[in-house]
Amino acid sequence: MIEFTLWDIIRNLLLAARWTVLLSAVAFAGGTIVGLLILFLRISKRYWMRQFAEYYIGLFQGTPLLMQLFLLFFGLPLLGFRIEPWTAAVLGLTLCASAFLAEIWRGGVQAVPLGQWDAGSSLGLHYLKQLRLIILPQAFAITRAPTVGFLVQLIKSTALTSIIGFEELVRTSNAINNATFEPFTVYGFVALIYFALCFPLTRYAKVLELRALKH
Amino acid sequence: MGYALDFGWLNDAVSLIASGAAMTIFLIAVSAIAGIVLSILGAAARRSRHAILRQGIAGYVELVRNTPFLVQLFFIFFGLPSLGIRLDPVVAAILAMTLNMTAYTTEIVGAGLDAVPKGQREAALALGLRPRVVFMKIVLPQALKVIYPALTSQIVIMMLESAVVSQIAVRELTYEADMLQARTFRAFETYLIVTLVYLAMSIGLRRLLIAGGNRMLAGGVS
């Protein structure tokens, strides 16, 4: 039997936390890209595009993330893709994040006064340029606080990928707990690590929110 | 490829899925009611004269909101027994869900209380009502009206998040899905059906809560 000192526990947990951070970052980046696509559909002039985006968002916001991960993990191999826990985790969190981010940003786009669109077209800008130069910068500025808030939610959501076998913080802590039988210490430290990751972002979101109120 | 979806197992599984869904509904009903009652107390304590009470509640809210629900659940179910507190999985699940729910709804209820104009309280006090009556009959109903949509969303989110309590062997919907797919070897179909059940439950729960709110709150949900 291997003896675990307190330092061993902490060191291993911190090493595992790297994967949590990496997964969060990749999923946030992926979610931003896919989320922008969904946002374009959601604010499109075509009815069926808006409808599709609305169903997409409703589907991801109306079902548990755990089920989405299970469906990808067990569903993609049926289509002939070989899938690792890492792939399923990134894909699942990316899709889920895209739905939430698109919905946050849609609120921002709708908060931009319609006159801004008119001003854009009177300058002779076409639709995409209006979006890129006039509408989106303002929409992102308005929604900065909820976007950071969602990043916190995403970091916490990565804990679920432990269930489909991705070796991040929670899965490692389960293994350490099985070896040391010190669940109180182990899960206590895991909570602290998540807190250390999330709390600064929560604070930052709060600052952004207050700053937005001042304007 | 040649993989054909097969839903033949579904006939025998309906009762299991139904009992799992019933457990999920039971969990969310208990923790939503307990969570809202506790968060009214929490929001009131957050605005009390005692600094310790205020800071205690603030610390609890931040701690819960910045850690994953799954970790809170494991801490309560696996961690507390080493302090001599051994909980049944269902009790641990309800405790974890209630604690999680309360942290979020305390903020929501607090925002609602702040949104009620001060004059309402002063007017009621001037009419000679006791402070407790003022809170229960004047301030709280108006606050609830403002925050009702946010509370509804939070309850639906909590129901979806309750899927993870399957990890401590509470026999709710996800747990039954895990058991079914282990028996039928039809993982994708099983999770597909159960995902649709969750979708229907979240849409249904939202409609039910909005309809109930329109009926209960004077003047409907704002």
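**Notes on chains A and B**

1. With 11 C-beta neighbours inside 10 Å, A:Phe181 counts as exposed. (Buried here asks for 20 or more other C-beta atoms within 10 Å of a residue's own, exposed for 12 or fewer, and partly exposed lies in between; C-beta atoms are placed from the backbone.) A:Phe181 sits in the loop between helix 8 and helix 9 of chain A. Although A:Phe181 is not a glycine, its phi is positive, at about 55 degrees. As a reminder, most residues other than glycine have a negative phi.

2. A quick word on the model and its labels. This is a predicted model, in which local features need pLDDT of at least 70 and side-chain atom pairs count only at pLDDT 80 or more, while totals for chains, interfaces and linings use all residues. Residues are numbered from 1 along each chain as its sequence is written, and chains are lettered from A and ligands numbered from 1 in the order in which they are written.

3. B:Phe185 is not a glycine, yet its phi is positive at about 60 degrees. You will find B:Phe185 in the loop between helix 7 (173–184) and helix 8 of chain B. What is its burial class? B:Phe185 is exposed, with 10 other C-beta atoms within 10 Å.

4. Now chain B as a whole. Chain B holds 8 helices and 0 strands, where helices (H or I, at least four residues) and strands (E, at least two) are DSSP runs numbered from the N terminus. Its C-alpha trace spans about 75 × 45 × 25 Å along the principal axes. Of the 222 residues of chain B, 42% count as buried. Among contacts in chain B with a separation of 6 or more, 75% join residues 24 or more positions apart; a contact means that two C-beta atoms, placed from the backbone, lie within 7 Å.

5. B:Ile17 lies in helix 1 (residues 10–46) of chain B and counts as partly exposed, with 18 C-beta neighbours inside 10 Å. Neighbours within four places in sequence aside, B:Ile17 is in contact with B:Glu176, B:Val194 and B:Val197. B:Ile17 and B:Val197 are 180 residues apart in sequence, but their C-alpha atoms are 8.7 Å apart in space.

6. On the record side, an unreviewed UniProt entry lists residues 20–45, 57–78, 90–113 and 190–209 of chain B as "transmembrane region". (UniProt positions follow the numbering used here, feature names are shortened, and annotations may be inferred rather than shown by experiment.) Residues 190–209 of chain B are 100% helix and 0% strand, with end C-alpha atoms 28 Å apart. For residues 57–78 of chain B, the figures are 86% helix, 0% strand and 24 Å between the end C-alpha atoms. In chain A, the UniProt annotation "domain: ABC transmembrane type-1" (unreviewed entry) covers residues 17–205. That span of chain A is 81% helix and 0% strand, and its end C-alpha atoms lie 22 Å apart.

7. How many residues does each chain bring to the contact between them? Chain A gives 30 residues and chain B gives 32. On the side of chain A that touches chain B, helix 3, helix 7 (144–157), helix 8 (169–180) and helix 9 (183–214) of chain A each give two or more residues. Helix 9 of chain A gives the most, with 11 residues. By class, this side of chain A has 22 nonpolar, 7 polar and 1 charged residues. (Ala, Val, Leu, Ile, Met, Phe, Trp, Tyr, Cys and Pro count as nonpolar, Asp, Glu, Lys and Arg as charged, and the others, Gly among them, as polar.)

8. Helix 3 (residues 65–75) of chain A and helix 8 (residues 187–216) of chain B pack at about 155 degrees, with axes 9 Å apart. (Axes are lines fitted to C-alpha atoms, for helices over the stretch in contact, and angles run from 0 to 180 degrees between N-to-C directions.) The two helices are therefore roughly antiparallel to each other; the classes are under 35 degrees for roughly parallel, over 145 for roughly antiparallel, 65 to 115 for roughly perpendicular, and oblique for the rest. The contact includes A:Phe70 and A:Phe74 of helix 3 of chain A and B:Tyr191 and B:Tyr198 of helix 8 of chain B. Its residues divide into 10 nonpolar, 2 polar and no charged.

9. Within chain A, helix 2 (residues 47–61) and helix 4 (residues 85–111) pack at about 120 degrees, with axes 9 Å apart. Helix 2 and helix 4 of chain A are therefore oblique to each other. Among the residues making this contact are A:Tyr56 and A:Phe60 of helix 2 and A:Phe100 and A:Glu103 of helix 4 of chain A. By class, the contact has 9 nonpolar, 1 polar and 1 charged residues.
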